[in-house]
Amino acid sequence: MAGVSNQMTTQRNPAFFNFAGGDGQVTVGEKNASVAGQAARGTLGAGKRARCRRGKACGATCIAGNEDCIIDFPEPVQAQMIKMAQSILNKQAKEGRGVAEGSQEDIQLGKAVGVLGRHLTKEGTYQRGSGKYKKETRERAFETTQFGGQRMISNKEIDELRANRNRIADSETNEKVRQAWQRDTQTKGVKLDRKSLEDLYDSLDTAAQQQLNVTGSPGAGKFYGGEKDGKPITNAASANKERGLAVLDLYLKQGGTDAYGINSKRVFSPADLDIEHIRPMERKKGTGGADEPANWVLARSGAQRTRSDQFFKDFIDNLPDTKDKTAMAAYYSDRRKKDQATRAMAKLSQDIYKNRGKYSDEEFLKMVKLAKAPAKKGGEITINPIAKKIFLNEKGEQDGFFTGAVLKNPAGTGYAAQPAGWAKAYLLVRKNNDDNVATKLRSDVRDIWDKQWLGGKISTAEMTAKVADAYKSRLSAESWKLVEKDVLSAAKSLNTKYPNLGATGKAPTSSATTVAGVSVAGLKPNQIGVLRKMENAGMSSSDIREVIDGMKLGD
C-alpha cells in the first residue's frame, strides 16, 4: 500500500489516493462504471490483471500500491480520506518537511489515514467561538454502532475472555503479564512517530478530535494530559489534545481491534472503543491504577463498562458458560432487563426535560431525584449528584445548561461542580427561565467564587451570602422556600471547610447584596429583613426599589 507523500507539490494527489484517472477524486459514476465493467467481463471479484495484485479488473480506478480498491469503499468515505491526506500534505509543506514517497513513514501514515477515514461516516456538532453566542457547525465524527455500546457480552467474546483469563486477570498485579498483554494488543496496527501522529490528528474535524480527547471520561485533575520530562502529566485541567493524541496512538497500535478479543480481527471505530484501565481507578484510595497510557488498553465500550471496577478474574468468572444453555438464557434475560431499565430511565429523563414547564417546582424536584444517577460519597465541593448527566433533550443529547457553573477547585487544581444545594436551586432557575438568564447566573456565580472569593477580595461568609442571594433574586418566593434549606446547608458546609480562604477576618456586611435584584448595599440588617418580607409577599422589584430609596433617604 502506498502512503501519503509530499515529495511533489501540494497540488499533487497523495500516492495513497492516486487513482489511474490521475485526479485523485472518485465519483459515484466512476465507481458504478468500475463495478459494471467488472461484471460485464466476468471479473468482478476475480480475474487477473498485471497492475492489480488482488485480481480485480477495475478499469481506471486502481489505487496506487495495488492493495486497495475503490469498490471496497463508499464514495463519501473515500472523499474523507482524500481530504485528510491532502490536509497532511498541506501541513507538511507549510512546515517545510518532507516524507519520501514509498518510505516506511509514508506507508504507515497512509495505512493510518485508511483505517481512520473509513470510520468518519457520520456528522457531529461542534460549537465554535466564545462569548454569549456560539456558532454550531456540522463536522465529520466517528461512527458508533449498536454493537459497540452493547453491554451484553457475546458468546464469542465470553469464549475469548475465558481463554485468556489468566493472562488478563494477572495483568492487574503482575507487571510483566500486563506488559505482555499490552504488547500482544499493540503490535497489530501502526506505530507513528510523534510528528506524524500530530499530522494525522490535525487532519480530523474538530468533532472527531473531541471524541478522542474525552475517551475514558477524564475527570478534572485526574487524567492523562501529556508528558513532561518523560513523566506523565495527570493533573491537566480539562480534556485536551494530549489525551486525544494518546488515545489515537493506542488506537492505531491496536489496529482498531478490541483488547479483550485477542484473536479478533474486527476493526472498530474509535467511538466504539473505550479506555480500559487495567488497574481500575475506582478502587479505594491508594489502591487504584493511574489514568495514563502505561495502564491502558482499548476495549469495546459496552464490555468495558460492564466490567467497571471489578477484578478481571471476578468479571470473567461471573460470565456464563456458553455451552450451558440455561445459564446463557438467564444471563441474556438479566441483561435485557437491565438494558430495558436503562432505556426507561433515559426516556423518563427526556420526558422530564421536554415537559418541564408543565410541572410545578415541587413535582419537578421530586422527578429530578428519581431520574438522577446514584451519588457517590464525597465532599461538598467535588460531588454534585444533581448535576450528573441526567437530562436529555429532544435529540437524546445531554443538555449542558443543567450542569450549573463550573468553579475553580479551592484546592488549587482543576475544576469542580457547584455544591449540591446550589445545583438544586440552579435547576429551578433553569426550569423557569430562558438560556440568557441561566447563562448570566452561571457567570455571576463564577465571578463571586473565582474572582472575588478565591481572588482574596471577600471572605468565605461573604461569598456564600452573595451566591445565595444570586439564586434567591432569580426565584419566586415559593420556589426559594423549596431550596432555601439546601442552599444555606451548602453555605454552612463551605464556611466550616474553608474558614481561612478569601479575605479572612471579614464578616459579611449583610445577608445579601440585593433583594429582588435591587442593591441593598449600605442598609442595616433589620431593614433588609423588612425588604425580604416584602419580597416574599410578592411585591414587585420596582416597588421594592422605591422602598429602598425611601430607606436610604431616611438615613
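**T215**

I started at T215, where a polar atom of the side chain lies 3.0 Å from the backbone oxygen of Q211. I note here that the model is a predicted one. I placed T215 in the loop between α9 and β3 (227-228). Is T215 buried or exposed? I found a relative accessible area of 9% for T215, and since buried means under 20%, T215 counts as buried. I then listed what T215 touches, leaving aside neighbours within four places in sequence: R243, V247, L273, D274 and I275.

**D274 and R305**

I found its partner to be R305, with the closest N and O atoms 3.3 Å apart. The two come from distant parts of the chain: D274 sits in strand β5 (residues 273-277) and R305 in helix α11, 31 residues apart. I looked up the accessibility of each partner. D274 is buried, at a relative accessible area of 8%, whereas R305 is partly exposed, at 41%.

**Other salt bridges**

I searched the whole structure and got 24 salt bridges. As a reminder to myself, side chains of opposite charge can pair when their charged atoms come close.

I looked at K83 and D205 next, a salt bridge in which the closest N and O atoms are 3.3 Å apart. This pair, too, links distant parts of the chain, with K83 in helix α2 (residues 75-94) and D205 in the loop between α8 (194-202) and α9 (206-213), 122 residues apart.

I then checked R307 and E172, whose side chains meet in a salt bridge at 2.7 Å, N to O. R307 belongs to helix α11 (residues 301-307) and E172 to the loop between α6 (165-169) and α7 (175-185); the pair links distant parts of the chain, 135 residues apart. I noted that R307 and E172 are both buried.

**Helix α8**

I looked at how α8 begins. D193 caps its N-terminal end, with a side-chain oxygen 3.1 Å from the backbone nitrogen of K195. I listed the buried residues of α8 as S196, L197, E198, D199, L200 and Y201.

**Nonpolar cores**

How many residues does the largest nonpolar core have? I counted 31, and the residues with the most contacts inside this core are L116, L192, L200, L204, L248 and L252. At least two core residues come from each of α2, α3 (104-117), α8, α9, α10 (241-253), β5 and β6 (296-300). I noted that α10 gives the largest share, seven residues.

I followed L192 from that list. Not counting residues up to four places away in sequence, L192 touches Q108, L109, A112, L197, L200 and L252. Apart from this core I found another, of 28 residues, including L407, I448, A468 and V487.

**Helices α15 and α18**

V487, one of the residues of that other core, is also among the α18 residues that meet α15. I wanted the geometry of this pair, as two packed helices are described by the angle between their axes and the distance between the axes. The axes of α15 (residues 420-432) and α18 (residues 477-497) come within 7 Å and cross at roughly 150 degrees. I recorded the crossing as left-handed. On the α15 side I listed G421, W422, K424, A425, L428 and N432; on the α18 side, S479, L482, V483, D486, V487, A490 and L494.

**M551**

Where does M551 lie? I found M551 in helix α20 (residues 541-554). M551 is buried, with a relative accessible area of 15%. Leaving aside neighbours within four places in sequence, M551 is in contact with L523, Q527, V530 and L531.

**Whole chain**

I ended with totals. The protein has 20 helices and ten strands. Of its 555 residues, 46% count as buried. Among contacts with a separation of 6 or more, 67% are between residues 24 or more positions apart.

Conventions: Residues numbered from 1 in each chain as written. Predicted model: local features only at pLDDT ≥ 70, side-chain atom pairs only at ≥ 80, totals over all residues. Heavy atoms only, no water. Salt bridge = Lys/Arg side-chain N within 4 Å of Asp/Glu carboxyl O. Helix = DSSP H or I, 4+ residues; strand = E, 2+ residues; numbered from the N terminus. Buried < 20%, exposed > 50% of the residue type's maximum accessible area, 1.4 Å probe, protein only. Polar contact = N/O pair within 3.5 Å; in protein donor to acceptor, adjacent residues only side chain to side chain. Contact = heavy atoms within 4.5 Å. Core = buried A, V, L, I, M, F, W, Y, C linked by side-chain atoms within 4.5 Å. Axes fitted to C-alpha atoms, helices over the stretch in contact; angles between N-to-C directions. Left-handed = near helix turned anticlockwise from the far one by under 90°.
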